[in-house]
Amino acid sequence: MAPITSTHDVALLRQAVDLARANRIQGGRPFGAVIACDGQPLASGVNEILQTCDPSAHAEMQALRAATRARRDASLVGCSVYASGHPCPMCLAALVMAGAERVFFAFDNQDAAPYGLSSEGSYQRLRLSLSPPPLPMERLDTGISAAQLYGDAPWPETPRG
């Protein structure tokens, strides 16, 4: 059964993209993630590989760690994950193991490849296929392009009102 997408899902995904942008501006890698349970944001994370010298400090992993601490439970049952980029094999495996219900993402590996940020090579080296995906995954449009997040295209102004 396909997940039901709402404007709320797009708003949560946009939060993840905004986190990714802020992290990039601060010198980190352009990845952010939000975990929501029962539609309410529970935790977020950004990619901290450069800051921590920890190759496992991906945005989804940081959000997963914060969410499970907040819940005092290693399970993400009932939770959705909103990631700025398609999760890499490590992150996807951790989300599956934690029981996440579904994943929404803004940019896939083809979007990230021109900027050297694709995880497709990791999937290939591990001989993993995403067909079918191990849990429901859906790409959503947040109104931001890959060039705006990963490249030098200007960021859209926030509507005032």
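In the predicted model, Gly32 stands opposite Val46 of strand S2. The strand that pairs with S2 here is S1, residues 32–37, and the two run in the antiparallel sense, joined over six bridges. Both belong to an open sheet of five strands, arranged in the order S2-S1-S3-S4-S5 with mixed pairing. Strands S2 (40–46) and S5 (137–139) form the edges, and each has a single partner strand, so that one side of each is left without a neighbour in the sheet. From one strand to the next, the twist averages 20 degrees.

Helix H4, spanning residues 89–98, has as its buried residues Pro89, Cys91, Leu92, Ala94, Leu95 and Ala98. These buried residues pack against helices H3 (59–71) and H6 (120–125), as well as against strands S3 (79–85), S4 (102–107) and S5. Just after H4, Gly99 adopts a positive phi of about 85 degrees.

One disulfide is counted in the model, and it joins Cys37 to Cys79 with an S to S distance of 1.9 Å. The link is right-handed, with 75 degrees about the S-S bond. Because Cys37 lies in strand S1 and Cys79 in strand S3, the pair ties together parts that are 42 residues apart in sequence. Both Cys37 and Cys79 are buried. As for Cys91, which is buried with a relative accessible area of 0%, its sulfur is 3.7 Å from the closest cysteine sulfur, that of Cys88, and this is too far for a bond. Cys53, by contrast, is exposed, with a relative accessible area of 69%, and its sulfur lies 18 Å from the closest cysteine sulfur, in Cys91, again too far for a bond.

How values were computed: Residues numbered from 1 in each chain as written. Predicted model: local features only at pLDDT ≥ 70, side-chain atom pairs only at ≥ 80, totals over all residues. Heavy atoms only, no water. Pairing = 2+ DSSP bridges. Helix = DSSP H or I, 4+ residues; strand = E, 2+ residues; numbered from the N terminus. Axes fitted to C-alpha atoms, helices over the stretch in contact; angles between N-to-C directions. Buried < 20%, exposed > 50% of the residue type's maximum accessible area, 1.4 Å probe, protein only. Contact = heavy atoms within 4.5 Å. Disulfide = S-S within 2.5 Å.
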